[in-house]
Amino acid sequence: MNRSQCHELFARLRSANPQPTTELEYASNFQLLIAVILSAQATDKSVNLATRKLFADAPTPQAMLALGEERLSDYINRIGLYRNKARNVIATCRQLLELHGGDVPRSRSALEALPGVGRKTANVVLNTAFGEATIAVDTHIFRVARRTGLAVGTTPLAVERELLELVPGEFRQSAHHWLILHGRYVCTARKPECWRCSIADLCAYPEKTVAFGLMPG
């Protein structure tokens with residue numbers, strides 16, 4: 001996809017949703033960080049169901065650390081990999097208190113040093129909490145970017161770098177939100193709904209007109 005097509009693609013996504021944001025529920029940077037850690041290999045819906053009660057009872061790193069792993073596990077036991085996530089969340093809370101005064105750090109290196117935080121999680125926090133123009137590449141974005149022709153990298157990091165190079169600056173802040181929502185609700189993995197896609201004519205996916213009922217032209 002060339003730069004002109006890329007600009008048009010994001011202009012259309014912006015027109016349909018001028019202020020996209022995460023669907024995770026949170027009331028502080030700390031809660032956002034925990035929600036994103038919990039969302040790995042889980043749906044935002046399942047995370048929100050768990051964190052509504054969790055954040056009401058333990059809204060701060062101090063309160064969550066006081067829960068301990070076992071009690072925290074009781075709140076999140078319907079989320080995939082919950083025991084490992086409980087261990088990471090408790091360790092992260094301890095590290096936030098010991099090294100950062102209970103605040104979520106703003107640097108990538110400090111974020112990625114937290115247990116359970118990788119590049120994708122750090123990108124989400126930097127973007128959503130601190131307004132940085134990062135692009136967090138999850139499975140939805142990886143699929144949509146490669147399917148449309150926005151990026152052709154074979155790893156999330158390669159796709160992230162291609163998108164940062166290609167996406168115009170005016171769209172970069174919200175780009176990953178638009179792409180993840182598009183992948184979640186329109187450009188789905190098994191049955192992309194090309195017939196109602198606002199960017200179908202810009203998309204390089206070769207099967208869309210044949211397999212999903214779009215009329216050429």
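## Pockets, a helix and some cysteines

Guide: We can begin with the largest pocket, which has 22 lining residues, and D44, K120, D138, I180 and R184 are those nearest its centre. Keep in mind that this is a predicted model.

Visitor: Which elements give two or more residues to the lining of the largest pocket?

Guide: They are α7, α8 and α11. Of these, α11 has the largest share, with five residues. The pocket's volume is about 400 Å³.

Visitor: How do the residues of that lining divide by class?

Guide: Eight are nonpolar, nine are polar and five are charged.

Visitor: What lines the second largest pocket?

Guide: Its lining consists of L13, A16, N17, W178, L181, H182, V186, R196, C197 and S198. Both α1 and α11 supply at least two of the lining residues, and α11 gives the most, with three. The space in this pocket comes to about 180 Å³. By class, six of the lining residues are nonpolar, three are polar and one is charged.

Visitor: Now a helix, please. How do I read which side of a helix faces inward?

Guide: Start with the general idea. An α-helix has 3.6 residues a turn, so residues three or four places apart point the same way. Then look at the case of α9, residues 156-166, where V159, E160, L163 and L166 are buried. Seen down the axis of α9, these buried residues line one face of the helix, because they fall within an arc of 140°.

Visitor: Which residues are exposed on the other side of α9?

Guide: R161 and E165 are exposed there.

Visitor: What covers the buried residues of α9?

Guide: The cover includes α1 (3-16), α7 (119-128), α8 (139-148) and α11 (175-185). Two of these have come up already, as α1 and α11 also supply residues to the lining of the second largest pocket.

Visitor: Next, the cysteines. How many disulfides are there?

Guide: First the general idea. A disulfide is a covalent bond between the sulfur atoms of two cysteines. To find one, look for a pair of cysteine sulfur atoms within 2.5 Å. By this rule the count here is zero. Take C194 as a case: the nearest cysteine sulfur belongs to C197 and is 6.4 Å away, and C194 is in no disulfide.

Visitor: Is C194 buried or exposed?

Guide: C194 counts as buried because its relative accessibility is 9%, and the cut-off for buried is under 20%. C93 is also buried, with a relative accessible area of 0%.

Visitor: What should I look for in the loops?

Guide: Q41 is not a glycine, yet its phi is positive, about 55°. Q41 sits in the loop between α2 (29-38) and α3 (44-57), and it is exposed, at 72% relative accessibility. L81 is another non-glycine residue with a positive phi, near 60°. Its place is the loop between α4 (61-76) and α5 (82-100).

Visitor: How far apart are E70 and R83 in sequence and in space?

Guide: They are 13 residues apart in sequence, and their C-alpha atoms are 8.5 Å apart in space. E70 belongs to helix α4 and is exposed, with a relative accessible area of 54%.

Conventions:
Residues are numbered from 1 along each chain as its sequence is written. This is a predicted model: local features need pLDDT of at least 70, side-chain atom pairs count only at pLDDT 80 or more; totals for chains, interfaces and linings use all residues. Side-chain values use heavy atoms; hydrogens and water are left out. Helices (H or I, at least four residues) and strands (E, at least two) are DSSP runs, numbered from the N terminus. Buried means under 20% relative accessible area, exposed over 50%, partly exposed in between (1.4 Å probe, protein chains only). The arc is that of the directions from the helix axis to the C-beta atoms. Contact means heavy atoms within 4.5 Å. On a 1 Å grid over the protein atoms alone, a cavity is a set of points where a 1.4 Å probe fits but cannot get out, and a pocket is an open set with protein on both sides within 12 Å along at least five of seven lines; lining residues have an atom within 4 Å of a point. Grid points are joined across faces, edges and corners, and a volume is the space filled by probe spheres set on the points. Ala, Val, Leu, Ile, Met, Phe, Trp, Tyr, Cys and Pro count as nonpolar, Asp, Glu, Lys and Arg as charged, and the others, Gly among them, as polar.
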